[in-house]
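Hi everyone, thanks for coming. Please have a look at the structure on the screen, and then I'll walk you through it.

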Amino acid sequence: PFEVLIVGGGPAGAAAAIYTARKGIRTGVAAERFGGQVLDTMDIENFISVSRTEGPKLASAMEAHVKDYDVEIMNLQKAAKLIPARTEGGYHEVVLENGASLKGRTLILSTGARWRQMGVPGEEEYRNKGVAYCPHCDGPLYKGKRVAVIGGGNSGVEAAIDLAGIVAHVTLIEFDSQLRADAVLQRKLASLPNVKIITSALTTKVDGDGDRVTGLSYKDRNSGIEHDVALEGIFVQIGLVPNTEWLKDAVALSPRGEIEIDARSETSVPGVFAAGDCTTVPYKQIVIAMGAGSTAGLSAFDYLIRLPAS
Ligand code: FAD
């Protein structure tokens with residue numbers, strides 16, 4: 001058994017592991033895919049102090065840094081169920097999909113999140129080649145270009161407002177007959193000269209020249225007519241889904257399925273902490289996940305040193 005068992009090996013889990021291992025605590029990391037979303041990222045330009053790097057490069061640097069310490073990395077292990085300790089200071093059990101189980105006196109949950117995809121032809125093919133999911137990350141790459149934002153909820157409208165200040169033109173496409181974002185955001189969006197809003201529109205495909213995105217097609221849901229829009233970038237903003245399905249009955253989740261945490265990364269279960277994109281933390285970014293993982297690591301340490309000697 002581990003004193004600290006970390007579930008998830010993205011930036012949050014890696015940071016947590018380094019912090020607890022440096023305290024000399026027996027630490028293990030179980031991850032479905034060590035590296036997490038960073039592995040799916042091309043250019044990273046907002047990892048502070050590193051002007052530009054690439055996802056796979058950062059992921060292998062994270063792994064090498066964790067391996068500097070005595071941390072057991074269990075890669076390709078998917079957690080399926082959490083059974084909290086029955087008594088304070090007892091072991092929590094994480095049951096893996098393959099039936100095996102791991103135990104930790106404290107747990108740090110850092111299973112991240114995934115962007116909901118449109119599921120249309122071309123989306124996968126042009127991912128990172130014009131199809132993007134994170135305006136904070138990729139917005140500046142489209143300076144002076146034309147982009148679409150798919151989704152008229154808060155994140156879509158925020159993205160459109162953000163991008164309108166960087167790119168030449170933004171087309172916002174919403175499936176419903178009206179936007180669903182807060183009124184204040186909608187008013188702001190309507191005031192911008194370089195934004196066009198299209199409602200009742202179903203995006204049907206991403207077009208490209210084999211190399212990069214050149215446009216998209218959508219169907220007007222009222223008339224049934226298909227339209228093409230020429231552009232260079234598409235930001236898909238139809239939801240970020242936390243990887244917390246396996247935690248439903250174990251820890252308190254927000255209505256969106258995010259693990260509820262306080263400023264110390266504590267969840268509703270004593271001795272169970274959480275960090276990164278799977279939690280209620282307001283912004284989802286690499287540096288933020290690393291900071292959150294460090295907080296969780298230090299909180300787990302604090303918790304352990306307060307347990308009565310056994
Ligand atoms: P993740 O990176 O999602 O890691 C989650 C970990 O948990 C993985 O190891 C995963 O395999 C594992 N896991 C999930 N479910 C289970 C389970 N049931 N059992 C065991 N393990 C599990 N951020 C930036 O700051 N800058 C950027 O330029 C940037 N670009 C991005 C580009 C793309 C295409 C994407 C998708 C994201 C980008 N982000 C960027 C966001 C950034 O990658 C995330 O905010 C960050 O990776 C979150 O870290 P995390 O550790 O919380 O979760």
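Let me start with a question: which residue in β15 is the bridge partner of Leu202? Before I answer, please note that this is a predicted model, where local features need pLDDT of at least 70 and side-chain atom pairs count only at pLDDT 80 or more, while totals for chains, interfaces and linings use all residues. Residues are numbered from 1 along each chain as its sequence is written.

The partner is Lys219. Strands here are DSSP runs of E with at least two residues, and helices are runs of H or I with at least four, numbered from the N terminus. β14 and β15 (residues 213–220) run antiparallel and are joined by seven bridges; two strands pair if DSSP finds at least two bridges between them. They belong to an open, antiparallel sheet of three strands, ordered β14-β15-β16. β14 (201–208) and β16 (226–230) are the edge strands, each pairing on one side only.

Now, the largest nonpolar core. Such a core is a set of buried Ala, Val, Leu, Ile, Met, Phe, Trp, Tyr and Cys residues joined through C-beta atoms within 7 Å, and buried means that 20 or more other C-beta atoms lie within 10 Å of a residue's own, with C-beta atoms placed from the backbone. This core has 49 residues, and Leu5, Ala16, Ala17, Ile108, Leu109, Ala274 and Ala275 touch the most other members. Several elements supply at least two residues each, including β1 (2–7), α1 (11–21) and α6 (286–306). α1 gives the most, with eight residues. Apart from this core lies another, of 34 residues, among them Ala160 and Val213.

Conventions. Buried ≥ 20, exposed ≤ 12 C-beta atoms within 10 Å, placed from the backbone.
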